[in-house]
Amino acid sequence: MNKTPSKQSWWLRLVEWVDGDREPKDQTLFVMEQRPPRHVQRSDAEFATQDKHRLHRFRRWYPVCAVLICLALMGILMAAVLTMPTFGEADNPINNEVAEHYLEYGLEETGSANVVTAMILSYRGFDTLGESCVLFLAVAAVMMLLLRDEKNTDEHDQQKQEREDGILAAHPDLILRRAAWVLVPFVFLFALYVLLNGEVSPGGGFSGGTILGAGLILYSAAYGPKQMRVLMDARRYAAVRTFGLVLYVLLYGIYIFLGANQMPNYLTGMTLLIDLAVGLVVACTVYGFYVLFSRGEF
Amino acid sequence: MRPFVENLPFLCIFLAILTGIVSAVIPRGRVCYWMTVTVAGIIAVLSAVVLQYTYGGNLSFTYSMGRFAAPYGNAIQCGPLQALLAMVFSVVLALALAGGKRDLFHDVLPGKLRLYFTMVNLLEASLLALVYTNDVFTGYVFIEISTIAACALVMAKDNGPNLIATIRYLFMSLLGSGLFLIGLTLLNSITGYLLMPSLAQAVAELAESGDYRIPLTVAVGLIIGGLGIKSAMFPFHLWLPDAHGGATTASSAMLSGLVLKGYIVLMITMMMRVFSMELMGELGVTNVILAFGLLGMILGSLEAMREYHVKRMLAYSSVAQIGYIFMGLGLGTTAGVVASCFHILVHACCKPLLFCCAGRLSAVSGHHKSLKNLRGSAYRDVSAGLGFTVGALSMIGIPLFGGFVSKLYLANAALPTNRTVLALVTLALSTVLNALYYVPALLAIWVRPPAEAEQHVLEDTRPEDLAFDRSFTTAAIALMAGIFVLGIFYHPITDVLEAGIALMGT
């Protein structure tokens with residue numbers, strides 16, 4: 001407090017408190033925007049020793065407490081795990097009619113030979129839709145923070161970025177370019193294969209989408225942002241990302257509506273389309289993270 | 001063919017998701033704003049229809065998300081309680097946005113408003129899903145969505161302290177979801193189910209036979225603890241004041257009024273539908289919840305008394321109010337749960353109102369936040385002053401206001417238990433403490449300061465901030481009306497809550 005409270009009478013302090021006259025106490029742990037103290041000017045040395053003391057105390061006690069809490073949690077979890085059913089036993093509670101149903105009727109009911117795909121896209125598809133929304137939201141949150149705007153980028157940053165781009169454009173990495181030139185088509189081809197065969201073999205939207213995103217990252221790293229913008233600029237990126245998830249939400253919404261009302265299933269080829277939609281969302285997520293963290297713009 | 005009205009809860013969730021995705025590509029913030037508010041209104045109307053259907057027929061229906069019946073596919077369950085909560089949540093969401101509109105458009109860059117509204121819409125979808133879910137894993141997925149969206153809402157006002165607050169919030173939130181997930185995996189490996197009805201049956205059998213006692217106890221503890229961390233249960237509340245106190249007005253209102261409640265509703269669903277109150281009492285979990293709730297009621301208020309930053313004061317007051325809700329749950333009786341649910345509704349109306357009014361009062365005082373600089377600000381925007389007064393009086397628990405009824409119900413619920421004295425004394429003490437920080441705040445905003453001090457504050461104020469704020473006034477009036485309805489015509493509402501909670505176990 002700035003006004004040495006001990007010197008005031010308790011009545012004055014009470015009046016001050018009722019009037020709400022004191023300044024709010026700053027309780028943030030690390031202060032970024034500090035206003036200058038207005039009344040008693042403490043010397044810098046005094047400040048430094050005090051800060052050092054606080055930090056020292058914090059550093060001494062923090063690890064001790066953290067270790068104690070972790071040990072307690074580990075003990076509790078160990079006790080739970082040791083008394084749990086042994087992993088892999090045949091008569092575990094987890095091997096009940098649900099798992100059996102998935103294995104036995106998966107192909108018949110959902111049309112996908114890959115049980116994992118059947119489970120994540122048909123039986124528990126609502127959860128997968130939620131997960132796709134999580135990916136979408138994660139990119140949106142990173143965009144909110146890192147996408148260049150007048151607050152987080154100044155002239156200087158802009159110029160620095162342009163200089164670096166210029167240097168990169170003038171001295172391209174030949175090995176990387178050649179390798180990417182050979183690899184990228186095959187990466188895309190493989191991604192498409194994994195995407196389209198998710199129904200019958202291991203793969204599907206999540207794995208295929210990651211490969212697709214990796215291909216985009218490789219291309220962008222080798223040929224630089226200018227070339228990349230020809231293939232995918234900010235507008236196209238937003239369009240693809242949104243299109244993927246909207247397609248998924250609409251298809252799945254219709255699927256749920258039909259299923260819950262016991263209407264005939266018109267969407268027999270749905271799994272393939274949903275796999276594609278999930279693939280687009282995942283690819284855009286992976287690529288979006290790369291672009292936003294490396295440059296902050298498309 | 002099922003009646004069409006049973007499709008509405010699922011349609012509400014999908015509508016919110018779709019609006020969220022589409023608003024990510026709409027460049028104009030104002031269009032996104034109107035779209036979000038309209039969709040929230042539509043969802044409220046649809047939920048009201050569902051409420052009328054379920055309460056009128058005294059039924060609770062399961063809706064399979066897909067063509068596979070339980071326990072093979074996802075499902076949602078909707079009864080009167082769920083429909084009522086969904087309706088109130090979406091109305092409050094729209095009003096919180098309207099109340100903080102001017103601050104929102106001032107604090108968030110125009111280019112990033114669309115992302116903000118994406119977050120708001122998906123937050124609404126996650127709240128609805130948390131309310132309706134009948135599957136524990138769906139609960140987890142939508143907890144993740146609301147975590148990311150809530151952190152982004154804090155981060156939207158992009159300055160240093162807010163980023164630090166976001167990181168703290170993110171860490172605590174992730175810890176909470178992590179514990180919840182570990183609890184779910186333990187529970188799944190000893191029961192083999194994820195859908196609530198089958199899970200409840202398996203848990204009841206385990207409780208009966210006494211098998212896997214330790215994993216069951218640990219799973220219950222982790223699930224309740226995880227949700228407790230996320231809903232700022234007392235000893236885990238330290239992230240809350242920074243996050244809620246620093247964010248832009250609309251974000252604070254939504255975070256305090258709704259996001260915390262989403263997790264609590266999921267906790268109530270787990271307690272009522274999966275674990276059953278008897279098992280919770282037997283394992284001693286209710287006692288722990290009760291103790292944390294009572295401590296929160298006292299210590300949250302004490303912390304609030306030390307604050308002079310008006311939004312941080314309100315944030316600490318949230319900790320105390322969450323304590324009330326947990327106290328009701330900790331009593332371990334149906335009456336306690338009804339009282340808690342009523343307090344959820346009351347707090348969902350009061351806190352957004354208080355945050356919006358505090359935001360408006362500080363806007364007409366040059367965006368100063370300390371109570372000292374807010375002196376006399378109620379005269380500069382009378383509707384904000386009145387709104388703050390109504391909200392504060394309801395928080396203290398004056399008759400005719402919503403807060404009084406929930407305190408009455410909480411006290412009533414405590415009577416038949418063996419913890420009557422403890423609960424009643426804490427309730428009384430907490431009420432006094434509430435008055436001790438809300439009355440000075442009220443005095444501060446209604447007492448005119450000396451002319452030169454007022455002049456000093458007005459110098460910092462921009463003239464466009466002093467102009468009449470129509471959307472804020474509308475929202476404040478609607479929320480005030482909500483508080484009076486909850487305080488005067490509370491019988492129909494508690495009837496719905498009682499019916500809903502009775503139907504929840506089935």
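**Figure 1. Helix α6 of chain A in the predicted model.** In this predicted model, helix α6 of chain A covers residues 155–170, and its 16 residues should span 22 Å at 1.5 Å a residue, which agrees with the 23 Å that separates its end C-alpha atoms. Of the 16 residues of α6(A), the number buried is zero, so the helix lies largely in the open.

**Figure 2. Chain A and its two assigned domains.** Chain A is built from 10 helices and has zero strands, and of its 298 residues 28% count as buried. The domain assignment divides chain A into domain 1, residues 43–83, and domain 2, which is made up of residues 114–157 together with 171–294. The C-alpha centres of domain 1 of chain A and domain 2 of chain A are 41 Å apart. Among the contacts in chain A with a separation of 6 or more, 75% are accounted for by residues 24 or more positions apart.

**Figure 3. The fold of chain B.** The secondary structure of chain B comprises 22 helices and two strands, and the mean pLDDT of this chain is 92, with 100% of its residues reaching 70 or more. For 506 residues, a compact globule would have a radius of gyration near 23 Å, and the 22 Å of chain B agrees with that expectation. The C-alpha trace of chain B spans about 75 × 55 × 45 Å along its principal axes, and 65% of the 506 residues of chain B count as buried. Residues 24 or more positions apart account for 80% of the contacts in chain B with a separation of 6 or more.

**Figure 4. The side of chain B that touches chain A.** The predictor assigns the complex an ipTM of 0.92 and a pTM of 0.91. In the interface, 68 residues of chain B are in contact with 57 residues of chain A. On the side of chain B that touches chain A, at least two residues each are supplied by α1 (8–23), β1 (61–64), α5 (113–132), α6 (136–155), α7 (160–191), α9 (213–230) and α18 (420–446) of chain B. The largest share of this side, 11 residues, comes from α6(B). By residue class, the side of chain B that touches chain A divides into 43 nonpolar, 15 polar and 10 charged residues.

**Figure 5. The surroundings of M313(B).** M313(B) lies in helix α14 of chain B, which runs over residues 310–330, and M313(B) counts as buried because it has 26 C-beta neighbours inside 10 Å, where 20 or more are needed. Apart from its neighbours within four places in sequence, M313(B) is in contact with A304(B), E307(B), Y437(B) and A441(B). M313(B) and P241(B), although 72 residues apart in sequence, are 8.0 Å apart in space from C-alpha to C-alpha.

**Figure 6. Two loop residues of chain B with positive phi.** N58(B) is placed in the loop between α2 (29–57) and β1 of chain B, whereas Y212(B) is found in the loop between α8 (196–209) and α9 of chain B. Phi of N58(B) is near 45 degrees, a positive value in a residue other than glycine, and phi of Y212(B), likewise a residue other than glycine, is positive and near 45 degrees. N58(B) counts as exposed because it has 12 C-beta neighbours inside 10 Å, while Y212(B), with 22 C-beta neighbours inside 10 Å, counts as buried.

Methods. Residues numbered from 1 in each chain as written. Chains lettered and ligands numbered in written order. Predicted model: local features only at pLDDT ≥ 70, side-chain atom pairs only at ≥ 80, totals over all residues. pLDDT = per-residue confidence, 0-100. Helix = DSSP H or I, 4+ residues; strand = E, 2+ residues; numbered from the N terminus. Expected span 1.5 Å × (residues − 1). Contact = placed C-beta atoms within 7 Å. Nonpolar A, V, L, I, M, F, W, Y, C, P; charged D, E, K, R; others polar. Rg over C-alpha atoms; globule rule 2.2 N^0.38 Å. Domains from an automatic or database assignment.
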